[in-house]
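This report describes what lies inside one protein model and what lies at its surface. Please look over the sequence and the structure before reading on.

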Amino acid sequence: MDLAGLILVVGVALFFTYTNGFHDSANAIATSVSTRALTPRAALAMAAVMNLAGAFLGEGVAKTVSEGLIATPEGHQGLVILFAALVGAIFWNLLTWYFGLPSSSSHALFGGLVGAALAGSSTVHWDGVIEKVVVPMFLSPIVGLVVGYLVMVGIIWLFRKSNPHKAKRGFRIAQTVSAAGMALGHGIQDAQKTMGIVVMALVISGRHEGDGIPVWVKFACAITLSLGTYAGGWRIMRTLGRKIIELDPPQGFAAEATAASILYTTAYVFKAPISTTHIITSAIMGVGATKRVKAVRWGVAKNILIGWFTTMPAAGAVAALTYWIAHLIVG
């Protein structure tokens, strides 16, 4: 029974990773596609490859997810908790993808973990949730907004005497690099989150000991995330690439470079699992505000922000409901 439960949880975890890939593919490539720096398919292929590579660059985020948010639950009940957490996260990913809302797959997963753990009377490490999830959830969009604004101001000043058409052509080429950097950062952050869940499932079932992540787990999560990314999330891509603000190549480069830098810093320095969606969206807003404040469609931004703060409680509620139903069925 535990083996069947483990296989089910790992399968659902990989499906979550797949939804994460197509839900968040817009994070890496929406700006490059909207400025025509890359064709959609070329951008998706590049993002898929860089997501695959990023998944193997570090384990700090995975350890935070597997050890820092909830106490590792034991036995059959533990697998039910993980299953319910993943269902809650998948539900929110699919719902927000349907409406083209760039919400956070990461916070959907964290909300699912907390909701399922509370429903299953498991221990929640509230200090870890606050320090590694809640505080970054509030700080990272502010940092993305401010840094994006400052980077764009710097670009405007540095290229103030350049020929506008030549500068745009140069930045269109540069966006290939910045988009790749953004996709790599997404792989570093988001693939590790699922790795942490799979490692928890292996520990619960008694099939893994120690701190390391098995190589097969890394490959499975990396490949699944990469396939999901290549599937593309066109609904969300339209929101990020055009509905917030019409971007030009210098702005697209500034937003991607800002987001990628923050993703690397939080993954390697703070080992904090932050949302790639929050970072790139807020960076786009900051970059757009240099044109003029009204250039940003703040009505769209408001809807996105509401979605961000709804993510954790909504995913947590679905996870708790799923836990109670699953517990009644399988005991």
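Does Ser121 count as buried or exposed? Ser121 counts as exposed because its relative accessibility is 70%; buried means under 20% relative accessible area, exposed over 50%, and partly exposed in between, with a 1.4 Å probe and protein chains only.

## Basis of the report

The model is predicted: local features need pLDDT of at least 70, side-chain atom pairs count only at pLDDT 80 or more, and totals for chains, interfaces and linings use all residues. Residues are numbered from 1 along each chain as its sequence is written, and side-chain values use heavy atoms, with hydrogens and water left out.

## Two loop residues

Ser121 lies in the loop between helix 5 and helix 6. Helices here are DSSP runs (H or I, at least four residues), numbered from the N terminus. Ser121 has a positive phi of about 55°, although it is not a glycine.

Arg36 is not a glycine either, yet has a positive phi of about 65°. Arg36 sits in the loop between helix 1 and helix 2 (40–54). With a relative accessible area of 63%, Arg36 is exposed.

## The nonpolar cores

A nonpolar core is a set of buried Ala, Val, Leu, Ile, Met, Phe, Trp, Tyr and Cys residues joined through side-chain atoms within 4.5 Å. The largest one has 54 residues, and Leu86, Leu113 and Met195 touch the most other members. Elements giving two or more residues to this core include helix 1 (2–34), helix 5 (105–119), helix 7 (164–204) and helix 12 (298–330). Helix 4 gives the most, with ten residues.

Leaving aside neighbours within four places in sequence, Met195 is in contact (heavy atoms within 4.5 Å) with Ala55, Ala62, Ile213, Val217, Lys218 and Cys221.

## Helix 3

Helix 3 is mostly covered, with six of its eight residues buried. The buried residues in helix 3 are Gly60, Val61, Ala62, Thr64, Val65 and Ser66. Which helices are included in what covers them? Helix 5, helix 6, helix 7 and helix 10 (249–270) are among the elements that cover the buried residues of helix 3.

## A buried threonine

Thr224 is found in helix 8. Thr224 counts as buried because its relative accessibility is 15%. Not counting residues up to four places away in sequence, Thr224 touches Leu14, Thr17 and Tyr18.
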